[in-house]
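Subject: Structure handover

Hello,

Here is the structure I promised you. Please open it first, then read my notes below.

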Amino acid sequence: MEETAHEAVGLTFHPLDQFQLTPLFGTGGADYNPSFFALTNATLWMAISVLAIFLLFVLSTGSRSVIPGRAQSVAELIYSFIRKMVDDVAGHDAGRFFPLILTLFLFILFTNFFGLLPLSFTATSHIAVTALLGFGVFLFVTVLGFVLNGKKFLGLFWMTDAPLFLRPIIAVIELISYFVRPVSHSIRLAGNIMAGHTVIKVFAGFAQVAAISPLAVLGVAAIYGIEILVAGIQAYVFTILTCVYLKDALHPGH
Amino acid sequence: MEHDATAELTHGTAVPTEGPIPLLQPAYFDNLIFWAVVALVAIYFILSRMALPRIGSTLATREGTIASDLSAAEALRAQARDAQAAYDKAVAEARAESNRIAQATRDAIKADLDAALAQADAQIEARAAEGARAVAEIQSQAQGSVAEVARDTAREILRVLGGQVDETAVDRAVSARVGG
């Protein structure tokens, strides 16, 4: 595909090709249109994430040792970290949603980290996936809010401690911000991951010029380091925001 | 739009990609969403059915173990403190006992010593008295001898001078002079 173009002239940039879906069996291309459940590179790398989560959280904890090994203590660290986050941010009665929130965190974290491997695929860079997560959280939290609190859930938008004439205005603003939540929630994650991966590829493209290639490789290494941070931070941010939204559904009064 | 930017960056090389950038490619959506849902459901079941109960019970067990270990350590420390107190008490008692024994021994020795000294003093006194008596005896004997010698000498002088020897007068005169 692009290899022919590469041979023709000096500089070629394909920073976005890494986001293409390719079939695991057979050939794809830019106009590849996978069927609903076709096995693609996205399938492969999400499966690797699931497998890694299984290994870390099920196999390493098999011994149930009181004194944990390395893998077990990592699993317990993540468990305690998210458990504490749920308790602190969403409240103690949010404990029953802990598995859901940990699922989100681990999916994003592992997908982000495996996406940093060369030649891998990052599902969280696609708005389709993050929108699924973002809108999924939004719908879940909204339905939960109405089921648990009924009409009182609307108190989230009606600030009773604000002056009366301001309340309708605040309500409109709150309503807009509430509906923007899933959009920002999903675009923040996809945008961060996509941008980082693209910048790495652009730097890598400059490495084709011998004169600036050392600088370009240094740039790739630096951005890669930042991306490792971003991978963890975005998973954290997505999860803690989910907890904040969950808190609104559980306790809309404040 | 983003695609155009990519095309410019390629400096004239033909870019075969058509349509929107891969990230917004609608043809991908159904496939990505399907597999993402599969992955999420799989992770959810792995966690909720297998991992979380296990980790939860492990953490609870550990907390219990740590708590019981801590209380055991606390009990042991109390024991150690008691043992230390008992030891200190025993040492103090032993020291007092040894002091008492030393004092008693010292007293006994002193009493023995005093008794021996008193006995020795008594013996010395007795000896001294005996000596004094002997001296007095010898003195009185000597006194007697002096009177006798004086009498004999006086008689002899009278005889040599040719006087009449009046025994009683001589005796009286000697006694008055010598006091024997």
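Start with one definition. A residue is buried if 20 or more other C-beta atoms lie within 10 Å of its own, exposed if 12 or fewer, and partly exposed in between, with C-beta atoms placed from the backbone.

Now the ground rules. Residues are numbered from 1 along each chain as its sequence is written, while chains are lettered from A and ligands numbered from 1 in the order in which they are written. This is a predicted model, where local features need pLDDT of at least 70, side-chain atom pairs count only at pLDDT 80 or more, and totals for chains, interfaces and linings use all residues.

**Confidence**

The predictor gives the complex an ipTM of 0.89 and a pTM of 0.73. Chain B has a mean pLDDT of 86. In that chain, 88% of residues reach 70 or more. Helices (H or I, at least four residues) and strands (E, at least two) are DSSP runs, numbered from the N terminus. Among the elements of chain B, H2 (residues 26–161) has the highest mean pLDDT, 93. H1 (residues 2–9) of chain B has the lowest, 45. Residues 1–17 of chain B have pLDDT below 50.

**Chain B**

Chain B has three helices and zero strands. Of its 180 residues, 11% are buried. UniProt, in an unreviewed entry, lists a "transmembrane region" at residues 32–52 of chain B. In the model that stretch is 100% helix, and its end C-alpha atoms are 27 Å apart. UniProt also lists a "coiled-coil region" at residues 73–107 of chain B, again from an unreviewed entry. Residues 73–107 of chain B are 100% helix too, with end C-alpha atoms 50 Å apart. UniProt positions are given in the numbering used here, feature names are shortened, and annotations may be inferred rather than shown by experiment.

**Where the chains meet**

Two residues are in contact if their C-beta atoms, placed from the backbone, lie within 7 Å. By that rule, 50 residues of chain A are in contact with 43 residues of chain B. H2(A) gives the largest share of chain A's side, nine residues. By class, that side of chain A has 35 nonpolar, eleven polar and four charged residues. Ala, Val, Leu, Ile, Met, Phe, Trp, Tyr, Cys and Pro count as nonpolar, Asp, Glu, Lys and Arg as charged, and the others, Gly among them, as polar.

The expected span of a helix is 1.5 Å times one less than its number of residues. H3(A) has 21 residues, so it should span 30 Å; its end C-alpha atoms are 30 Å apart, which agrees. Its buried residues include Tyr79(A), Ile82(A) and Val86(A). The buried residues of H3(A) pack against H2, H4 and H7 of chain A together with H2 of chain B. Gly91(A) follows H3(A), with a positive phi near 100°.

H5(A) has 23 residues, so it should span 33 Å; its end C-alpha atoms are 31 Å apart, which agrees. Among its buried residues are Leu132(A), Val137(A) and Phe138(A). Just after H5(A), Gly150(A) has a positive phi of about 60°.

**One loop residue**

Is Leu119(A) buried or exposed? Leu119(A) is exposed, because 6 other C-beta atoms lie within 10 Å. Leu119(A) sits in the loop between H4 and H5 of chain A. Its phi is positive, near 70°, in a residue other than glycine. Most residues other than glycine have a negative phi.

Best wishes

Note on methods
pLDDT = per-residue confidence, 0-100.
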